[in-house]
Amino acid sequence: MSLFHWGKKKEEKPELDIEQLKGTDGKVYEDAVSVRLAVFVDEQGIDKELELDGHDEDATHYVGYDHGTPVVTARVKALDDDLLQIQRVATIDWARHRGYAVALINQITADAKENGFKTLYLEAQETAISFYAKQSFEAYGQPFLEVNIWHRKMTKELYPEE
């Protein structure tokens, strides 16, 4: 048996349990907020009042758990019957580059298709544009500043099976 493994590293699917909750009444929401505060407030320096913007009640919150520990989150809300917005995607620092955010985006995409949405929309921090591009999102428009961080609008077209 060789000590060296040449070629492309075998990609493994992460062990991730994904739960979702509409609104703010429950553990999933509390876990989503804990991840968001750790990433956006503690790590990126965003004001807590801006992060907790009062739009959580009417959103659906997704949280990915690694052996019971919340490691990745996102919130989604319908903008209309065809358009679903993804917001507040965050992964705890020690859990990055393990496929957790990809698994979460895949789950959101599958759920959106199942519910008849035709397009996913998000506003990505510029440092995350390449991540979303690998998930088939396309950037458009000019970069813009939000909470002193450059962002780009991105969409992903869905083709629900008929």
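Here is a short tour, one selection at a time.

Before you start, note that this is a predicted model, where local features need pLDDT of at least 70, side-chain atom pairs count only at pLDDT 80 or more, and totals for chains, interfaces and linings use all residues. Residues are numbered from 1 along each chain as its sequence is written, and side-chain values use heavy atoms, with hydrogens and water left out.

**Stop 1: Q85.** Select Q85 and you land in strand β4, residues 83-91. (Strands here are DSSP runs of E with at least two residues, helices are runs of H or I with at least four, and both are numbered from the N terminus.) Is Q85 buried or exposed? It counts as buried because its relative accessible area is 9%; buried means under 20%, exposed over 50%, and partly exposed in between, using a 1.4 Å probe and protein chains only. Now show its neighbours: leaving out residues up to four places away in sequence, Q85 touches R75, V76, K77, L79, Y121 and E123. A contact means heavy atoms within 4.5 Å.

**Stop 2: K77 and D58.** Stay with one of those neighbours, K77. K77 makes a salt bridge with D58, with the closest N and O atoms 3.4 Å apart. K77 sits in strand β3 (residues 69-78) and D58 in the loop between α2 and β2, 19 residues apart. K77 is buried at 13% relative accessible area, while D58 is partly exposed at 45%.

What makes a salt bridge here? A side-chain nitrogen of Lys or Arg has to lie within 4 Å of a carboxyl oxygen of Asp or Glu. Side chains of opposite charge can pair when their charged atoms come close.

**Stop 3: R88 and D53.** R88 is buried at 16%, and D53 is partly exposed at 27%.

**Stop 4: E43 and R96.** Next, select E43 and R96, whose side chains meet in a salt bridge of 2.9 Å, N to O. E43 belongs to helix α1 (residues 27-43), and R96 to the loop between β4 and α3 (100-114), 53 residues away. Both are partly exposed: E43 at 40% and R96 at 28%.

How many salt bridges are there by this rule? The count comes to 10.
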